[in-house]
Amino acid sequence: MARKKRQAKKDMKIKINGKEQPLNEEVVIKDWSKAKKETAAAEERLENDEFEWVLPEKNIPEVPEFQPVQSIPEPKDQESSPKINIPKYFKKKFSPNKTGFLISSILAVAIGLGFGLFVLKLTVNPENGTTLTDAAPAVAPDSGKEQGAALTATMPGLSAAVIQGGVFSTEEAAENFSGEFTSKGLPTISLNVDEQQFLFIGISEDLASAKTLADDYKAQGIDVYAKEFIIPEKQIKVETKTEAEWMKEAPKLFAVLAKETADARFSGQINEQALQDTEKTIKNYEEKNIQQKVAVDLRNQLEDTIKQLGAYSASQNRESLAKAQQSLLTFLKVYYDASKGSSV
């Protein structure tokens with residue numbers, strides 16, 4: 001049986017390109033246990049041997065780590081803003097806070113320089129070297145009123161010879177006592193001087209004529225005496241230049257009318273020309289713009305004095321003369337109160 005198998009195997013043939021070729025193949029039986037031992041020995045030698053790997057020295061540039069950047073989608077309806085490539089050096093050098101501060105500083109300096117040049121160009125004309133100045137305040141052609149800062153006027157000092165009827169501690173007491181004078185047809189006025197109330201019942205041109213008038217009153221049983229009353233110079237606020245001029249003119253007219261009133265009492269005569277000149281001067285200011293209360297009050301009292309003197313000249317009525325004296329005393333009170341106001 002074994003012989004037949006070997007014979008069959010020996011007679012096995014193959015065809016290559018149509019030709020039969022004898023197949024001589026010997027089956028080699030490997031010893032696997034031996035091969036396993038050889039493999040283990042080789043691995044042991046490999047572990048014991050240290051093999052040094054030597055790589056060639058080459059300068060290979062370091063490839064930066066790639067990090068994906070998440071993009072922010074932009075609205076489709078808006079045009080994408082141009083991107084500015086900033087070098088890495090400047091990105092590291094300037095943080096967001098420092099960059100904002102630097103930009104703000106540069107803008108502040110630029111704006112300051114621009115504004116300075118603009119102001120310089122406005123104030124200095126490079127062609128002729130002239131500088132601009134503030135324009136003078138506009139003056140209304142008709143009223144004479146200036147637009148701008150308030151004007152000041154000088155109230156000249158005023159000296160008047162008066163007949164004093166008494167001194168009281170309160171205004172109420174002075175008013176109660178003044179009734180005795182008014183009942184006799186005499187004018188009265190009360191002024192607050194140094195926290196006391198001075199009661200005046202007449203006025204004259206000078207101290208000598210005032211003493212003569214005081215003696216006349218004493219003869220009637222009225223206890224009075226003459227004195228000089230002085231009002232110092234004062235600076236006050238006015239609305240127009242015309243008012244400032246009037247405040248200087250009014251005391252002069254007061255002195256003229258005080259003289260005419262005293263003369264009329266002693267001689268019964270009135271200087272008509274003096275009254276006409278005084279009235280003309282007052283009307284000249286009446287046509288101009290005088291609105292301040294003090295200026296208006298002073299003008300009204302002088303006008304009333306002229307009116308009463310004219311009535312006395314026509315009728316020789318002593319009552320008109322007393323009313324003229326009352327207007328002059330009221331003028332004195334208005335002038336004195338204005339001088340006691342706040343300083344300019």
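Modeller: Let us begin with α7 and α10, which pack at an angle of about 150 degrees with their axes 10 Å apart; axes are lines fitted to C-alpha atoms, for helices over the stretch in contact, and angles run from 0 to 180 degrees between N-to-C directions.

Biologist: Why does that angle make α7 roughly antiparallel to α10?

Modeller: Angles under 35 degrees count as roughly parallel, over 145 as roughly antiparallel, 65 to 115 as roughly perpendicular and the rest as oblique, so an angle of about 150 degrees makes α7 roughly antiparallel to α10. Please keep in mind that this is a predicted model, in which local features need pLDDT of at least 70 and side-chain atom pairs count only at pLDDT 80 or more, while totals for chains, interfaces and linings use all residues. Residues are numbered from 1 along each chain as its sequence is written, and side-chain values use heavy atoms, with hydrogens and water left out.

Biologist: What are the residues of α7 and α10 that meet?

Modeller: Contact means heavy atoms within 4.5 Å, and the residues that meet include F254, L257 and R265 in α7 and R318, L321 and Q325 in α10.

Biologist: What makes α7 and α9 roughly parallel?

Modeller: Helices (H or I, at least four residues) are DSSP runs numbered from the N terminus, and the axes of α7 (residues 241-267) and α9 (residues 293-315) come within 10 Å and cross at roughly 25 degrees. That angle is therefore in the range for roughly parallel helices. The crossing of α7 and α9 is left-handed, a word used if the near helix is turned anticlockwise from the far one by less than a right angle.

Biologist: Why are α7 and α8 described as roughly antiparallel?

Modeller: The axes of α7 and α8 (residues 272-286) come within 11 Å and cross at roughly 160 degrees, and α7 and α8 are therefore roughly antiparallel to each other. α7 passes α8 in a left-handed crossing.

Biologist: What lines the largest pocket?

Modeller: A pocket is an open set of points on a 1 Å grid over the protein atoms alone, where a 1.4 Å probe fits, with protein on both sides within 12 Å along at least five of seven lines, and lining residues have an atom within 4 Å of a point. The lining includes Y217, R265, R318 and E319, and helix α10 (residues 318-339) gives the most to this lining, with 5 residues. By class, the lining has 5 nonpolar, 2 polar and 3 charged residues, where Ala, Val, Leu, Ile, Met, Phe, Trp, Tyr, Cys and Pro count as nonpolar, Asp, Glu, Lys and Arg as charged, and the others as polar.

How values were computed. Helix = DSSP H or I, 4+ residues; strand = E, 2+ residues; numbered from the N terminus.
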